[in-house]
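I opened this model to look at one strand and its surroundings. These are my notes.

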Amino acid sequence: MAKLTERQTNNALRKLPMPKGLIDFSSNDYLGLAQNGTIFKNAANILKKKGVIANGATGSRLLTGNNGLYGELEVVLASFFGSESALVFNSGYDANIGFFSAVPQRTDVIFYDELAHASIRDGIGMGLAQSYKFKHNQLEGLSGQMDRTRERKPDSDIYVVTESVFSMDGDTPDLKALAELCISKGAYLVVDEAHAVGVFGSRGEGLLHELGLLDKVFARIVTFGKAMGCHGAAVLGSDSLKSYLVNFARSFIYTTGMAPHSLATILAACEHLSISGEGKMQLMRNINFFKEQLRGHNLEAHFIPSDSAVHCCLVEGNEKVKNWSLQLQDKGFDVKPILSPTVPKGQERLRFCLHSFNTENEIKDVLLILAELFD
């Protein structure tokens with residue numbers, strides 16, 4: 001209870017919010033697919049055609065829960081994302097803790113970006129490998145750390161972990177330079193593409209696909225609960241990596257499988273992305289318009305540079321950023337505050353998530369209110 005009291009004293013106590021019907025600048029539903037009626041109907045049709053009538057998986061995939069849709073889905077995912085294999089997990093959190101707790105071994109070393117998602121850090125913490133963080137997107141410092149490790153532990157495998165789009169900053173590392181660095185040092189590169197899927201790539205395959213770097217990455221983690229508007233995740237990599245995870249990833253082995261309807265929804269979402277690019281193009285137009293409006297209101301200096309759907313305005317202090325968020329919500333705009341300790345103290349922020357369905361007038365209006373708050 002003392003820790004709860006401390007968090008309340010710091011104005012950082014978390015509570016579960018209820019939907020208020022506000023204009024959405026907060027959700028990860030970047031393409032509006034969570035509300036897409038066609039995907040909803042197509043998922044039902046997939047189940048009907050397969051003759052599947054089941055509300056749940058009934059067990060883990062290694063026992064009774066390996067519904068036939070799993071095999072079909074993993075083939076589709078491997079093809080869509082350009083990977084040899086795909087293994088579906090129940091969530092992005094499960095995928096990350098499963099991979100990082102199982103794959104790197106006791107004699108290995110992991111370097112992870114200091115702003116890596118909590119699921120990555122938790123997975124690393126559950127594993128046996130030594131781990132060290134490197135400064136956010138700073139490859140020169142990382143290179144030196146890798147050299148020193150090679151001198152000290154010449155026979156160890158090295159893993160380098162980053163995100164293609166960082167969830168709390170919206171920014172991107174120099175993935176081409178990072179991939180070349182890992183190749184030159186003989187390291188395995190692992191990239192979480194959660195916030196890039198659906199946003200980057202010709203069909204939304206992610207930023208690594210857009211940059212032509214698929215053959216330079218050991219593993220990718222993709223999630224379906226953001227731009228794809230459904231639920232679940234997958235680890236993409238080689239056939240041998242998939243087999244290893246099936247045998248040793250505890251978050252895969254010791255959990256009930258996903259319900260058939262969830263699998264059918266992912267299949268329907270993949271089909272939608274394959275045949276319709278308008279949502280992605282409209283999202284990019286909105287991102288560019290948002291950035292134009294930032295310049296027009298002289299707000300650029302307050303925002304972390306981003307070309308993604310996530311744009312963060314730094315507002316120092318939990319109390320202040322919560323107050324500003326409430327003022328925006330009172331005007332009808334759902335913009336959430338990100339508080340410390342989720343982000344470092346002094347880097348609290350308002351997090352704007354852009355969507356294909358946001359209008360130019362909505363973007364204009366919310367940034368005008370924000371500019372007035374800074375005056």
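I began at Phe111, which stands opposite Tyr132 in S4. This is a predicted model, where local features need pLDDT of at least 70, side-chain atom pairs count only at pLDDT 80 or more, and totals for chains, interfaces and linings use all residues. Residues are numbered from 1 along each chain as its sequence is written, and side-chain values use heavy atoms, without hydrogens and water.

I checked the pairing of S3 and S4 next: the sense is parallel, over five bridges. Two strands pair if DSSP finds at least two bridges between them. Strands (E, at least two residues) and helices (H or I, at least four) are DSSP runs, numbered from the N terminus.

Then I looked at S5 (residues 158-163), which pairs with S3 (residues 109-113) in the parallel sense over four bridges. There, Val160 is the bridge partner of Phe111. Tyr159 is the bridge partner of Ile110.

Seven strands form an open sheet, with mixed pairing, in the order S2-S8-S7-S6-S5-S3-S4. Its edge strands are S2 (85-89) and S4 (130-134), each pairing on one side only.
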